Every structure is written in C-alpha cells, then in structure tokens.
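Please examine the sequence and the structure shown here. The briefing that follows is arranged by topic.

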Amino acid sequence: MSLLQVNEVTHSYENRTFFKWKNRSRKVLSDITFSIEEGTCLGILGTSGSGKSTLGKVLLGLQKPQYGQILFQGHDIYNADKHTRQKLRRDLQVVFQDSHSAVNPRMTAERIIAEPLENYEKLTLNEQKRAVIELLENVGLDEKDLKKYPHQFSGGQLQRVNIARAIALKPKLIVLDESVSSLDMVTQTLILELLRELKEDFGLSYFFITHDIKAAYTISDTLGVLEKGELIEHYNSKKDFFNSEHPIVKEMRSSMLAEHPRFRSIGTRNSTL
Ligand code: ADP
Ligand code: MG
C-alpha cells in the first residue's frame, strides 16, 4: 500500500460575482492520479498558476476536491472518522514559501515550535522545552535561538524554525510548497541538504512543490509535471525525466542545462539532450 494515493482528483474554483448568474467555475485540477511511497519525495514541477498549491491543499485535507479521492495509509481523508482525522492532522504537515508570513511575529521560536506539541502532546513544561531544543538542534539551530523573535532570524534560519515545527509531531508526509524558492542559492542548497537528512533520519516523505527544476531535481526521487491543472508527465526516476521527449519537459530541461554546467554532463550521458 502506498503512503498516499491520489485517485482521479478534479477540482474547480467558483469565481463568485455580484450577479449570481455571472458566476463561473474554473477547473484548476483535472483527473489527477498518482501515489507517494513511504520515505520518498515526489517533486511536482509546474509554472505559476498550474494548480500546484491547490493540489497541496487537497492532499493536506484543506481543500475538498469536487471529484476524486485521497487515500492516506488507506484512509479516505475526506471521509474519515474523528479519531482518524486527528491522526491525519499529525501525520500531514506543511512548510510554505514565505517563512516570515507563516509565523506570528510576536511569538518566540520556542513558542512557534512548541505550538503543535501543546496541541497534541501532554508534556510537562520541562519536557516540552527539552523537546523544542532537540528540534532546534535537528534543524541546525540551538538553545540560544529559543527566545528569538522571527525578525531576529534570517530567511533561511526562519525556514529552519518552520521545518522544526513541521517535524515536531513526527509526521509521515510534509507538503513543501515552494519552501526554498525565496531563499538565495547558497541557503537553498543548505535547506535542501537539511531536508534530505531529515528525510533519512525520520523516514519522512515529501510532496515537494516548486517551479524550480534544479531544486526539484536535487531532492526528488520521483517527479511529476503539472500543466494547466493536468499531470502531464509522471516519472518514477530522474533518469526517465531526463530522457522524456515531452516538449514542455524538454523546454524545462534545456533552461536547466543552459544555466548549470554541472547538469550538462548528465545530458551528454543520456544523449537525448
Ligand atoms: P500554483 O500554486 O501552481 O501557482 P494555484 O493552485 O495557486 O497554482 O492556482 C491555480 C489557479 O487557481 C490559478 O489560476 C489561481 O488564480 C486559482 N486559484 C487559486 N486559489 C483560488 C481560490 N481560493 N479561489 C479561486 N481561484 C483560485
Ligand atoms: Mg503556489
């Protein structure tokens, strides 16, 4: 059984207008089917507006699709009983793009990270503090950062705080929605490295949403390409992605190769580039 199975998901948003008869619904996701295996990262590539974030929300249980089904460990997440829903909320976490707007500016790192623990674990204050320090250490920060406020962190450090919060409840799957996109290249590389380590250490799975082919290529085990709400390609390996003849994929790939000499050798080896 796959960790997550997405079956024929279709979703439209209703564009409400003052005059009801003018309301139009726009299809944003169209007949999407794929699965994520435990301990793997599925990268979803797509241009802006292709439906990536909507798909992320659908997986997180935040946006019920009009059609289709999401099975997490075999449970239909939109038709689960209360106990299962509560467990799902622990097992499914998210890290968004903008680290600053994702946190309350008046909360210290300690409180930001402790929040999910307060909601779901019954720890004493001492135990909770120790858990938060351990989480900070897991993401490359330390005890000195406990009392800092968001504005006292750099973008990359604050994204580490967000990641610490996301792993606090030992989830199974994390949706990373453009989580490294607003960081500079060096920080991006460090955060991707951290994500990869955490994936190994905690057996995490990721749904890694990005418009950045290099980031997707670095971290993903399998790759999908979303275009105008359709999953136009889905590869079980990066090698398949590099060998794809799909015109949109070829275009994405050539922009990556042009920019990064490091990837040119991969292209030469696969000879289709
Ligand atoms: P992406 O993350 O790939 O940029 P989104 O899932 O955010 O794409 O958006 C896909 C399309 O759905 C866009 O055209 C966007 O304007 C529209 N959209 C997103 N959220 C809503 C919403 N809450 N209501 C109406 N339309 C939306
Ligand atoms: Mg988005």
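I209 is found in strand β8, where strands (E, at least two residues) and helices (H or I, at least four residues) are DSSP runs numbered from the N terminus. At 0% relative accessibility, I209 counts as buried; buried means under 20% relative accessible area, exposed over 50% and partly exposed in between, with a 1.4 Å probe and protein chains only. This is a predicted model, in which local features need pLDDT of at least 70 and side-chain atom pairs count only at pLDDT 80 or more, while totals for chains, interfaces and linings use all residues. Residues are numbered from 1 along each chain as its sequence is written, chains are lettered from A and ligands numbered from 1 in the order in which they are written, and side-chain values use heavy atoms, with hydrogens and water left out.

**Surroundings of I209**

- Leaving aside residues up to four places away in sequence, I209 touches I44, K52, S53, G56, V175, L176, D177 and E178, a contact being heavy atoms within 4.5 Å.
- The C-alpha atoms of I209 and S181 are separated by 9.7 Å, and these residues are 28 apart along the chain.

**Aromatic pairs**

- The whole structure contains four aromatic pairs; rings of Phe, Tyr and Trp (its six-membered ring) pair if their centres lie within 6.5 Å, and planes under 30 degrees apart count as stacked, over 60 as edge-to-face and the rest as tilted.
- F34 and F207 are stacked, because their ring centres are 5.8 Å apart and their planes stand at 5°.
- F34 lies in strand β2 (residues 24-36) and F207 in strand β8 (residues 205-210), so this pair ties together parts that are 173 residues apart in sequence.
- F34 is buried at 3% relative accessibility, and F207 is buried at 0%.
- Y217 and F242 form an edge-to-face pair, with 5.0 Å from centre to centre and 90° between the planes.
- That pair links helix α7 (residues 213-219), which holds Y217, to helix α8 (residues 238-243), which holds F242, across 25 residues.
- Y217 is buried with a relative accessible area of 14%, and F242 is buried with 0%.
- Y217, Y235, F241 and F242 form one aromatic cluster.

**The chain as a whole**

- The chain has 10 helices and 10 strands.
- Of its 273 residues, 48% count as buried.
- Along its principal axes, the C-alpha trace spans about 55 × 55 × 40 Å.
- Among contacts between residues at least 6 apart in sequence, 67% join residues at least 24 apart.
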